[in-house]
Amino acid sequence: MNWIYRGRCWKFGDNLGIDGAIMPLRFALSRETDPIVLRDFLMSEVDPEFPKKVNPGDIIVAGRRFGQGNPHIQGFLGIRGHRLGLVAESIPRGSFRNVINAGVPFLAPCLGVTSTCETGDDLEVDFSTGLMRNITRAQEHQFTPVEPELRDIIAVGGWKEHVKQRLAQSTG
Amino acid sequence: MGQTVTEKILSRVVGRRVMAGEIIHPVPELVTCHDWYVVNFDKALEEFGVTKLFDPSRVLISTDHEPVAVTPQSSERQKKVREIVAKYGITQFYDVGRGGLGHMFPIEMGLIRPGMFVEAYDTHVTNYGAVGALAIAFVVEVSEILALGSVWMRVPETVRVNLDGKLQRGTSTRDVAQKLIADLGDELIDYSVVEFGGPGLAGIDISGRHTLCNIPLEIGAKSALVEPDEVTLAYLASRTKEPITPVKSDSDANFREVVEYDLSAIGPQVAMPPTPDNVHPIDRVLGTPIQHAFIGSCASGNLRDLADAAGILKNRRVHPGVRLYVTPATQEVAREAARTGLLEIFLAAGATMTQAGCGPCAGGRIGGMAEGETSINTGTRNDVRRLGASGDIYLASPLTVAASAVTGQITDPRSMLQEAVS
């Protein structure tokens, strides 16, 4: 898996709710889990044009408690659908598991990250080392990467694929 | 450096010394799931091609979210649950009428002991901390646990809460727990185990400890537990013959934070809509008209909670404009409520008793609200539509809910207790 993403920065504030701000609640209630369906509604309650503006490799930089609320996975599957990376000041426990389970490369907690960049900056993030380069501002920031064993889950494509791999290993 | 209770329990389970922050794959001694997710985990296991559970003898299923099937669909679901339980050879199946609320009756039955490690589907399993067990929910990942025996977790940090003093008349542990989560806040609590200790614990029975261990979940705690003491041992003495080894934190354990909390400084608290941590002293909402009231749930459905409410309702009647539902959490609580005369008080007051389990708190399928109504209840959450239709939901102690049901508006229970004295 390529752990280095380069693209445009999309910056968001604190306390973005998983149900609503990140993904309309109706998709959690209908248990929709197709990233291709969900990507068209990512952040649409904050910015209806967002799904059309982003490109694969772009990076969401978010404030504290990104994905707070009832831990539904749909918002993170929407991020996966666009092949975006995520760097957040913090992610609450339930959503922390869901970012991994959705197979989204991310860095968190990254205290202070929102003060280093603005929407539109050209960013390069290595999710395996935790190094974030802001090319626009010619700055580098080092964060702690996610543990290798949790990155393994992201690398195989998320929770379901990882369980299948574990099952194959346990019976093989 | 010493270890917290949590670090000690997880070290024993994985067979090596672990500390907060480490990623581990502990194998739980018990896995629980309720009636509303059994069909879902079966579907997930079928997708994975799994036909046998890792260890069916460690799995406990409870019919508590919808114990009395009132639609053809729920009758069909109950039938499917019974078939799935039989298919996987799950022996610890507590169907309607057998146990009650799955976060509670296993404690009464002596199935949960200090130092035990439990994993579950449902978040409120943390009640098991009432007797010093560590119980953690993994929601949909329960399928992975059922199939493979484990799932990854990070050894959590601990926020230690030392309780001191005694509860004021007219207050209960529900007021304490609500005030506590509002005071501590989600930034401090997230991903931690809230561990209760201190001299104030001696005055709090197991019933009250359920409540203490239940509420912190609402702001992101991974679990909560009470340091086992004489109260724990006395409670378990008649309930289990298994050896009990109380596990406590070392004096030099590394806590994220140590908080001192004075029980005697806390009056009645009400969580206002729309979140359980939007907690204020009752004065702020006194006089708010209500039409719906409920006493029960895994947060406040024990015998002590029912006895508190009955103390207010004795020789009083529920207000004509209010319907009050009372749900004993377990079969044992219901039986004890009958034996000790509480049931008679509730029925004489005009309350409606429902089958042991979650009661209205499980989505309002039983005794829910209508559009625009206002409820005060002892459920776990007050999100919009938690009890079916939209309307304001206030969360409070059984004492406050009972007092409000009598007057038809949010009422300080201390006013009624004083009347009783004079």
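Let me begin with B:Ser150, which at 5% relative accessibility counts as buried, buried meaning under 20% relative accessible area, exposed over 50% and partly exposed in between, with a 1.4 Å probe and protein chains only. This is a predicted model, in which local features need pLDDT of at least 70 and side-chain atom pairs count only at pLDDT 80 or more, while totals for chains, interfaces and linings use all residues. Residues are numbered from 1 along each chain as its sequence is written, chains are lettered from A and ligands numbered from 1 in the order in which they are written, and side-chain values use heavy atoms, leaving out hydrogens and water.

B:Ser150 sits in the loop between helix 5 (142-148) and strand 7 (153-154) of chain B, where helices (H or I, at least four residues) and strands (E, at least two) are DSSP runs numbered from the N terminus. Beyond its neighbours within four places in sequence, B:Ser150 has contacts, that is, heavy atoms within 4.5 Å, with residues including A:Arg166, B:His25 and B:Glu144.

Turning to helix 9 of chain B, residues 230-237, we find B:Thr232, B:Tyr235 and B:Leu236 buried. Seen down the helix axis, these buried residues fall within an arc of 90°, so they line one face of helix 9, the arc being that of the directions from the axis to the C-beta atoms. They pack against helix 4 (105-108) and helix 8 (206-214) of chain B, whereas on the other side of helix 9 B:Glu230, B:Ala234 and B:Ala237 are exposed.

Finally, chain A has seven helices and seven strands, and 54% of its 172 residues count as buried.
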